[in-house]
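Dear colleague,

Please find below the sequence and the structure that I am handing over to you. My notes on what was found follow directly after them.

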Amino acid sequence: MPTKPKSPYLPFGDQQTAPWYGKDILSVKQFSRADLEYIFSVAHEMRVMVERIGTFDLLKGKILANLFYEPSTRTFASFMAAMQRLGGAVIPIRYSSVAKGESLPDTVRTLAAYCDVIVIRHPEVGSAALAAQYAGKPVINAGDGVGEHPTQALLDVFTIREELGRLDDLTVTMLGDLKYGRTVHSLARLLTRFKNIKLNYVSPDVLRMPRDVIEEVEEKDLPQKEYTVLDKVLPETDVLYVTRVQRERFENLEEYEKAKDAYVITAKTMEKAKDRMIVMHPLPRVNEIAMEVDKDPRAAYFRQMEYGLYVRMALLAMVLGKA
Ligand code: NCD
């Protein structure tokens, strides 16, 4: 009798020779296409496991320090949930001795003494890399200022894969605050791993995609174009990635006031979009997408945040040598 092919990913073993064992996750630049395929297969397995049994003991006995110096709801909660769904424990820290003048290296050295992996969000570019130098335990970047947000970009690409069933041959339109929005910096870089991707950047002039990101994408020969209005590119768009104008990163609040309501996606906007496309948003949303759009089946942003749980479960399992 033919037997069911065995999954290469389950059951999970303890593999200290696994390629990601003990590694830091600091930038999307670390991931090849093959790495992405691997992460997404593990994330998909995690999804199946959570749907079937909820919580399981893959990381039993392991401890995560979740160190957040900036506001966060989804990233903070999903890393905690990811660790707990895998049977591990979490030390959540939102108010550390940095308030007393302690340096980041000292804080990180302290946490490394108590835990097996550190997730950090911090307002300065390069902070996660600095933490990694001192930790001696894997460090995962959960957003370093306007720099990168690699786990968000991974979950964004996983969302596209689960929702549209492909990662090649896509027109991706990024909309809003492309200057300060770190999620789009990571996502544009990560999309260079796929074939036949076209990138459109729609933003007010003062919030354009940074030069360094554009140049990196250019080196990989991806077509990219900048616009100030959405109308022209919406009909060809497969993924509309909407972002919040990042108020906290403006030096001049008058400039924020001018830019904040530059684009609002409404049910009327969606009439011009393809039938088979998705609208994404890293969330939190402020006014960029009207609530009436939530019931449109193409609105993928709430599903997107759920996919984040599975991707973060996969990453924790990988760096702790269990996937
Ligand atoms: C994003 C972030 O923190 O960069 N949020 C998130 O992690 N889902 C986007 C944002 O704050 O606008």
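In these notes, a polar contact is a pair of N or O atoms within 3.5 Å. Please bear in mind that this is a predicted model.

I begin with the ligand. An N or O atom in the side chain of Arg244 is 2.8 Å from an oxygen atom of the ligand, and for Gln246 the corresponding distance between a side-chain N or O atom and a ligand oxygen is 2.7 Å. Thr75 also contributes, with a polar side-chain atom 2.9 Å from an oxygen atom of the ligand. On its own the ligand has 320 Å² of accessible area, and the protein covers 94% of this. The space that the ligand takes is the largest pocket.

Which residues are around the ligand? They are Thr75, Arg121, His149, Gln152, Arg182, Thr183, Arg244, Gln246, Pro282, Leu283 and Pro284. Sorted by class, this shell has five polar, three charged and three nonpolar residues.

Two points of the backbone deserve mention. Most peptide bonds are trans, and most residues other than glycine have a negative phi. Leu283 and Pro284, however, are joined by a cis peptide bond, with omega about 10°. Pro284 is placed in the loop between strand 9 (278–280) and helix 10 (301–319), and both Leu283 and Pro284 are among the residues around the ligand. Asn196 is found in the loop that runs between helix 6 (182–191) and strand 6 (197–202).

As to the overall fold, the chain has nine strands and 10 helices. Its C-alpha trace spans about 65 × 50 × 40 Å along the principal axes. The radius of gyration is 20 Å, which agrees with the value near 20 Å for a compact globule of 323 residues.

With kind regards

Methods
Residues are numbered from 1 along each chain as its sequence is written. This is a predicted model: local features need pLDDT of at least 70, side-chain atom pairs count only at pLDDT 80 or more; totals for chains, interfaces and linings use all residues. Side-chain values use heavy atoms; hydrogens and water are left out. A residue is near a molecule or strand if one of its heavy atoms lies within 4 Å of it. A polar contact is a pair of N or O atoms within 3.5 Å; within protein, one must be able to donate a hydrogen and the other to accept it, and residues adjacent in sequence count only if both atoms are side-chain atoms. Accessible areas come from the Shrake-Rupley method with a 1.4 Å probe; for residues, only the protein chains shown count as cover. On a 1 Å grid over the protein atoms alone, a cavity is a set of points where a 1.4 Å probe fits but cannot get out, and a pocket is an open set with protein on both sides within 12 Å along at least five of seven lines; lining residues have an atom within 4 Å of a point. A molecule sits in a cavity or pocket if more than half of its atoms lie within 2 Å of its grid points. Ala, Val, Leu, Ile, Met, Phe, Trp, Tyr, Cys and Pro count as nonpolar, Asp, Glu, Lys and Arg as charged, and the others, Gly among them, as polar. Helices (H or I, at least four residues) and strands (E, at least two) are DSSP runs, numbered from the N terminus. The radius of gyration is taken over C-alpha atoms; the globule rule is 2.2 Å times the number of residues to the power 0.38.
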